[in-house]
Every structure is written in C-alpha cells, then in structure tokens.
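Hi everyone, thanks for coming along. Please have a look at the sequence and the model on the screen, and then I'll walk you through what is packed inside.

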Amino acid sequence: LAILAAPATQADTGEFVPAKVTDISDRAYEKAVSHLIDNAKSSIVISMYTVTLGTSGRNPMSLLIGDVLEARERGVAVTLYLNTCFKDQESPASRLAADAELKRLKDAGCTVVLFPSNRRLHDKLIIVDGRWVVEGSTNWSISALRQNYESATLIDSPGLADVKLKRLAIRLDSLDAAKPSARKPFYADELSGGADIPEALLTDKRY
C-alpha cells in the first residue's frame, strides 16, 4: 500500500500528532484490512457498529473473521467492542451472545465486549499493533464491503492509535461508573436555591 504524507492528526490534547494516510474507500477496504490483520504482530482492536456474524460459505465477512482467527493462532491479542443498540431489532445482545461465530472468536481467546443496549457504539474503527488506524464509514457487513460506497482511511500514526485506544478505555470506564440502574431522574424543581455552574462550561468553546 502506498502511504502518503499528510497534515498531522489532532489528538485529544489539542496537539497534532504525526500521521501518514492513504485512502482505502470502497472496494480497496477489504484488501487493505485483510493485509493489516494478516501482518499483525501484537494486537488487533476492532470497535464496530455492525459486524455480520453467523456467516457461511466464502464471503468477505467469513474471510475477515478467518483472518482474525488466524491472527489469534499466531498469538496476536484480539479485542472486539461490539454495538448492541439497534432500533429495529429486539434483544440483539442475546442473539450476538449466542452467535456461533462469536463463540469461535471467544473460544480462540479473543476478548469480546458487548456495549450495553442503552448506549450506541457507532464506531467503524480498527487499530493494529498500536500503530495502524482504520477509520471511516465501513461496517463489517457483506453489503458494506462489496456493494456500498463507503469512505475509509488507513492512517499510520502511533500517536493517533494511542488516542483512540485511550478513548475506548475512557468510554468503558464511564459505562461502568454510570450503570442505568444506579441513575436517578433529575428535575429542576428539586434544586434548593439554584446550582453553581463552573464558568468554563459557559465560556470554553470545548464544552
């Protein structure tokens, strides 16, 4: 793959991190991602809105899942963060948990994290070896890989990979710290004499 130099990528600190990028949109995505997974040395992290599991026969999804399983056999650490919040489906988390392909991934030693169904994980993100970042609109589905027009970028940037990995860790920590059952509805009329609001919340553009 030809990696083209590009303006640095902005990190969560407001700083820019060095990066080289190349476009892997549309039909280039599958080949590029398969190449990354096949050459992974230490880690693969996949955070995805839609992953079509339970596939049979030779199709792009079964091939990608096969690549992931082969990486595990080589000793590569694999972590998958999967969305379970879909408006048009009932109990997607239960169906995912019972999926045969997902069981294969778990049995192979992959770490699978199902996001709670009250929070939507909308990522289409892959991070390989703490260096390579794939991000764009492409879900892991046959239609996305073979039919849709999807924008995707391959980014060579350890700095950006670190930012993305920390973001995932922060999101998981925030979910653990705020379980739905522990939440209490808040009403303004419960305030006694008002509330103090930090000035930064009103003046700082980041908020």
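Let's start with Y49, which counts as buried because its relative accessibility is 19%; buried here means under 20% relative accessible area, exposed means over 50%, and partly exposed is in between, with a 1.4 Å probe and protein chains only. Before I go on, this is a predicted model, where local features need pLDDT of at least 70 and side-chain atom pairs count only at pLDDT 80 or more, while totals for chains, interfaces and linings use all residues. Residues are numbered from 1 along each chain as its sequence is written, and side-chain values use heavy atoms, with hydrogens and water left out.

So what does Y49 pair with? Its partner is F86: the ring centres are 5.1 Å apart and the planes sit at 55 degrees, so we call the pair tilted. The rule is that rings of Phe, Tyr and Trp (its six-membered ring) pair if their centres lie within 6.5 Å, with planes under 30 degrees apart stacked, over 60 edge-to-face, and the rest tilted. By that rule the count is 1 aromatic pair. F86 is buried too, at a relative accessible area of 16%. Helices (H or I, at least four residues) and strands (E, at least two) are DSSP runs numbered from the N terminus.

The loop between β6 and α3 also holds N83, which is buried with a relative accessible area of 2%. A polar atom of the N83 side chain lies 3.1 Å from the backbone oxygen of C85.

Now for the nonpolar core, meaning a set of buried Ala, Val, Leu, Ile, Met, Phe, Trp, Tyr and Cys residues joined through side-chain atoms within 4.5 Å. Which residues touch the most other members of the largest one? They are Y29, I44, L105, I126 and W140, out of 34 residues in that core. Among the elements that each supply at least two residues are α1, β5, α4 and β8, but α2 gives the most, with 6. Take L105: leaving aside neighbours within four places in sequence, L105 is in contact (heavy atoms within 4.5 Å) with L53, I65, V68, L69, L80 and C110. There is also a second, separate core of 15 residues, including A19, L125, I155 and L168.

Let's turn to α1. Its buried residues are Y29, E30, A32, V33, S34, L36 and I37, and they pack against β5, α2, β8, β9, α5 and β10.

That brings us to β10, which is largely enclosed by the rest of the structure because 4 of its 5 residues are buried. Strands pair if DSSP finds at least two bridges between them. β4 runs antiparallel to β10, with 4 bridges joining them, and T22 has L154 as its bridge partner. β9 also pairs with β10 in the antiparallel sense, over 5 bridges, and there E135 stands opposite T153.

To zoom out, the chain has 7 helices and 10 strands, and buried residues make up 39% of its 207 residues. Among contacts between residues at least 6 apart in sequence, 74% join residues at least 24 apart. Thanks, and I'm happy to chat about any of it!

Technical notes: Polar contact = N/O pair within 3.5 Å; in protein donor to acceptor, adjacent residues only side chain to side chain.
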